[in-house]
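Biologist: I would like to learn how to read pockets and strands in a model. Could you take me through them in turn?

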Amino acid sequence: MILLKSKADLLMLRESGKILGKILKALQKAIKPGITTAEIDKLAEDLLLSEKVLAAFKGYKGFPASTCVSLNEEVVHGIPSGRVIQDGDIVSVDFGLNYRGYFSDAAFTLGVGKLDSRVKKLMAVAKAALSEGIKQAVPENHLFDISYAIQNYVEKNGFSVVRQFVGHGIGRNLHEEPEIPNFGMKGRGPVLKSGMVFAIEPMVNMGTWECEILENGWTAVTADRRPSAHFEHTVAITESGPEILTRDDA
Ligand code: MG
């Protein structure tokens with residue numbers, strides 16, 4: 001069942017998303033060559049404390065950190081560590097928080113220093129694919145209109161969408177129904193209604209869509225070890241269209 005949020009729920013989710021957007025912006029500023037992925041996580045934790053909100057990921061199914069930081073060929077669920085970010089890396093940060101019982105979830109990929117032009121294109125396409133998906137998050141559309149829009153945009157641009165990980169409903173829980181794949185046929189799936197809130201999150205690979213999980217049991221990498229980019233927003237479906245709750249560009 002896809003839960004519909006009340007006006008009161010939406011007020012809380014809006015606040016949750018606003019705080020998350022603000023923290024993401026601060027993290028983006030801090031990511032530079034020489035910083036470790038654990039330092040990014042530490043900064044996120046400090047910002048959670050100063051905003052008086054809780055981490056959503058830490059301890060979730062045993063995940064050991066507040067952020068997922070995934071570099072280059074890592075797709076999602078990178079575990080922060082002493083690894084130093086180098087010039088030319090692309091850094092994906094996925095981060096969720098819990099504001100008084102209301103969750104928000106978002107991710108961005110940022111390039112550091114001098115980047116290969118194909119890598120730049122990968123990031124731009126992944127970001128635009130998220131926008132394409134969000135445009136379809138309107139009442140009376142079908143769920144997989146979102147999925148189709150993302151897949152179509154990505155494949156048209158010569159990249160691939162990950163199948164193994166998907167977006168999700170979000171609200172009083174980090175993960176709610178439905179699952180939102182980044183591939184699918186338009187006109188299929190449940191009909192969208194005002195009051196649904198989704199975390200839409202394309203993961204876009206330069207080469208094959210296939211992924212493998214590293215020995216730590218968490219980190220997904222591309223099977224061909226070519227780079228991957230990830231963007232995510234928490235989005236409310238409203239009568240007046242999709243409302244992005246986790247804006248980091250305000
Ligand atoms: Mg998510």
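The dialogue below takes up pockets, then strands.

Modeller: This is a predicted model, in which local features need pLDDT of at least 70 and side-chain atom pairs count only at pLDDT 80 or more, while totals for chains, interfaces and linings use all residues. Residues are numbered from 1 along each chain as its sequence is written, and side-chain values use heavy atoms, with hydrogens and water left out.

Biologist: What is the volume of the largest pocket?

Modeller: Rolling a probe the size of a water molecule over the atoms shows where empty space is left. A pocket is an open set of points on a 1 Å grid over the protein atoms alone, where a 1.4 Å probe fits, with protein on both sides within 12 Å along at least five of seven lines; lining residues have an atom within 4 Å of a point. Grid points are joined across faces, edges and corners, and a volume is the space filled by probe spheres set on the points. Here the largest pocket has about 490 Å³. Its lining has 23 residues, and Y60, H77, V166, H168 and H175 are the closest to the centre.

Biologist: Which strand supplies the largest share of that lining?

Modeller: Strands are DSSP runs of E with at least two residues, and helices are runs of H or I with at least four, numbered from the N terminus. Strand 8 gives the largest share, four residues. Strand 7 (167-169) and strand 8 (176-180) each supply at least two.

Biologist: Which residues lie nearest the centre of the second largest pocket?

Modeller: They are K127, F231, H233, D248 and D249, from a lining of 18 residues. The volume of this pocket is about 360 Å³. Helix 3 gives the most to its lining, six residues.

Biologist: And the strands: what is the order in the open sheet of three strands?

Modeller: Strands of a sheet pair through backbone hydrogen bonds, either parallel or antiparallel. Two strands count as paired if DSSP finds at least two bridges between them. The order here is 3-12-11, with antiparallel pairing. Strand 3 (74-76) and strand 11 (211-213) are at the edges with a single partner strand each, so one side of each has no neighbour in the sheet. Strand 11 and strand 12 (residues 220-222) pair over three bridges, and I213 stands opposite A220.

Biologist: Is strand 2 enclosed or open, and why?

Modeller: Buried means under 20% relative accessible area, exposed over 50%, and partly exposed in between (1.4 Å probe, protein chains only). Five of the five residues of strand 2 (residues 67-71) are buried, so strand 2 is largely enclosed by the rest of the structure. T67, V69 and L71 point one way, and C68 and S70 the other.
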